[in-house]
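Visitor: I would like to learn how to read a structure like this one, feature by feature. Could we look at it together?

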Amino acid sequence: MSAVKVGIVGATGYGGLELIRFLHNHQAVEQIDLFTSSEEGVVFSSKFGHLVNIADKPLQKIDYETLEKFDVVFTSTPSGVTSELLPPLVGKGPKLIDLSGDYRLKDPASYEAWYDKKAAPLKIIEQSVYGLTEWNADNVKNASLIANPGCYPTAVLLSLLPLLKEKLIDPSFLVIDAKSGISGAGNKPSQTTHFSEANESFSIYKTNSHQHIPEIEQAISMFAGVDTAISFNTHLVPMTRGILSTAYAPVMPDVTESHLVACLQATYEKHPFVRIVTDVNTLATNRVRGSNYCDIFVKIDSRTRRATIVGVIDNLVKGAAGQAIQNMNVQFDLPQTTGLDVVPFFI
Ligand SMILES: NC(=O)C1=CN([C@@H]2O[C@H](COP(=O)(O)OP(=O)(O)OC[C@H]3O[C@@H](n4cnc5c(N)ncnc54)[C@H](OP(=O)(O)O)[C@@H]3O)[C@@H](O)[C@H]2O)C=CC1
Ligand SMILES: CC(=O)N[C@@H](CCC(=O)OP(=O)(O)O)C(=O)O
């Protein structure tokens with residue numbers, strides 16, 4: 001098995017911590033170095049006590065000469081950072097896997113409109129490959145820069161794409177209602193993520209204006225060949241991890257629930273991280289917590305002829321670090337499950 005040297009930029013964030021958790025147990029990884037923009041020289045485990053004897057190296061300053069020497073560089077930084085940081089590294093040696101939204105949207109004007117930040121250079125965006133592993137592994141394999149999907153898009157797309165591609169549901173009336181745990185907002189505290197304001201509460205945010213709307217629409221066009229405008233709204237749930245996305249779509253004439261289930265099962269038959277759940281009572285964020293699984297459930301409402309389509313993931317794993325490592329595995333010809341074969345922590 002190959003001996004992969006990995007650098008992580010943004011190691012101190014939630015995505016970075018999850019990368020460390022999985023890469024530490026990854027058989028093909030022989031070196032993990034950690035980079036910071038604000039805490040150079042700090043011994044990592046002195047900041048994160050759960051990593052004593054596990055990640056005791058000091059945090060390093062981000063510099064190109066050092067980064068160029070790795071086989072893979074993961075960047076897990078806020079949006080607007082890698083659009084500037086990564087261009088000089090593209091094609092220089094390391095495979096680049098970016099967990100932020102900076103390289104997902106192919107249209108720079110769309111990025112600037114939805115993120116309200118300056119877009120990356122177009123010629124670099126054009127080289128980036130959208131890392132929705134189950135749908136794009138052939139392109140991921142040789143990509144120099146991977147745009148790892150957003151957390152919500154991962155749950156939404158994995159559950160909807162098969163049904164849209166096979167024209168079993170009507171794309172014109174897609175309504176998606178998604179909920180996330182608070183770690184989705186990262187480690188920087190804010191008013192809305194403050195414990196006393198988020199706890200014992202449930203709120204909607206970024207109404208009809210979430211930055212994942214164009215990402216989902218772009219991927220539906222790319223992988224299902226359908227151009228559509230979706231209704232997509234997001235909610236904050238007082239829990240740490242997990243995303244549950246519920247979509248509603250009219251089913252096409254003569255389509256039955258068995259057709260929908262069979263389509264999902266056939267699509268993901270050879271994909272170890274996607275599970276088609278048939279008992280709704282086993283569908284919950286705690287059934288995938290800490291793991292790289294995406295659980296999918298579908299049911300038709302016979303009165304309205306609309307399908308309810310549910311996707312469940314751990315936002316920090318399948319929605320971020322887990323999928324990023326899955327993409328790394330594809331690039332290094334490793335089984336996709338390498339380093340990710342963990343049981344969800346249900347209790
Ligand atoms: N949380 C989630 O569920 C998901 C997050 N994402 C995306 O992944 C990225 C990381 O998310 P998350 O880990 O939650 O974010 P966090 O806010 O938890 O961590 C981001 C880290 O980036 C580093 N950073 C901040 N500014 C800079 C800078 N200018 N240059 C370099 N590094 C910087 C910081 O570390 P330091 O100060 O040490 O440099 C910080 O710890 C984001 O773009 C996010 O949108 C994607 C999917 C899911
Ligand atoms: C709960 C919560 O606040 N979640 C964040 C997830 C954003 C994210 O991961 O941002 P990018 O994918 O665009 O990088 C949000 O809804 O904005």
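Predicted model: local features only at pLDDT ≥ 70, side-chain atom pairs only at ≥ 80, totals over all residues.

Visitor: Which residues surround ligand 2, and how do they divide into nonpolar, polar and charged?

Guide: The surrounding residues are Ser79, Ser100, Gly101, Gly150, Cys151, Ser180, Gly184, Ala185, Gln211, Thr234 and Leu236. By class this shell has 3 nonpolar and 8 polar residues, with no charged residue.

Visitor: How many residues surround ligand 1, and which helices supply at least two residues of its shell?

Guide: Ligand 1 has 29 residues around it, and the closest are Gly10, Gly13, Gly15, Ser100 and Gly186. Two helices, α1 (14-23) and α12 (317-331), each supply at least two residues of that shell, and α1 gives the most, with 3 residues. The classes here are 8 nonpolar, 19 polar and 2 charged. For ligand 1, too, domain 1 and domain 2 each provide at least three residues of the shell.

Visitor: Is α1 buried or exposed?

Guide: In α1, 10 of the 10 residues are buried, so the helix is largely enclosed by the rest of the structure. The buried residues run from Tyr14 to Leu23 and include Glu18 and Arg21. They pack against the strands β1 (4-9), β2 (29-36) and β4 (72-75), and also against α12.

Visitor: How should I read the relation between domain 1 and domain 2?

Guide: The C-alpha centres of domain 1 and domain 2 lie 25 Å apart, while 19 residues of domain 1 are in contact with 25 residues of domain 2. On the side of domain 1 that touches domain 2, α5 (108-115), α7 (133-141) and α12 each supply at least two residues, with α12 giving the most, 6 residues. That side of domain 1 is made up of 8 nonpolar, 7 polar and 4 charged residues.

Visitor: At what angle do α8 and α12 pack?

Guide: Helix α8 (residues 151-165) packs against α12 at an angle of about 95 degrees, and their axes are 8 Å apart. Because angles of 65 to 115 degrees count as roughly perpendicular, that is how α8 stands to α12. Cys151, Thr154 and Ala155 of α8 make the contact with Lys318, Gly319, Ala320 and Gln323 of α12. By class, this contact has 3 nonpolar, 3 polar and 1 charged residues.

Visitor: Where does Val330 lie, and which residues does it touch?

Guide: Val330 lies in helix α12 and is buried, with 22 other C-beta atoms within 10 Å. Leaving aside residues up to four places away in sequence, Val330 touches Thr133, Ala137, Val140, Lys141 and Gln336.

Visitor: Is Glu217 buried or exposed?

Guide: Glu217, which has its place in helix α10 (residues 212-224), is buried, with 20 other C-beta atoms within 10 Å. Not counting residues up to four places away in sequence, Glu217 touches Thr228, Ala229 and Ile230.

Visitor: What should I look for in the backbone angles?

Guide: The general idea is that most residues other than glycine have a negative phi. In this model, Glu200 has a positive phi, near 55 degrees, and Arg305 has a positive phi of about 60 degrees although it is not a glycine.

Visitor: Where are Glu200 and Arg305 placed?

Guide: Glu200 is in the loop between α9 (195-198) and β9 (203-205), and it counts as exposed because it has 8 C-beta neighbours inside 10 Å. Arg305 is in the loop between β13 (294-301) and β14 (306-313), where its 13 C-beta neighbours inside 10 Å make it count as partly exposed.

How values were computed: Residues numbered from 1 in each chain as written. Chains lettered and ligands numbered in written order. Near = placed C-beta within 6 Å. Helix = DSSP H or I, 4+ residues; strand = E, 2+ residues; numbered from the N terminus. Nonpolar A, V, L, I, M, F, W, Y, C, P; charged D, E, K, R; others polar. Domains from an automatic or database assignment. Contact = placed C-beta atoms within 7 Å. Axes fitted to C-alpha atoms, helices over the stretch in contact; angles between N-to-C directions. Parallel < 35°, antiparallel > 145°, perpendicular 65-115°, else oblique. Buried ≥ 20, exposed ≤ 12 C-beta atoms within 10 Å, placed from the backbone.
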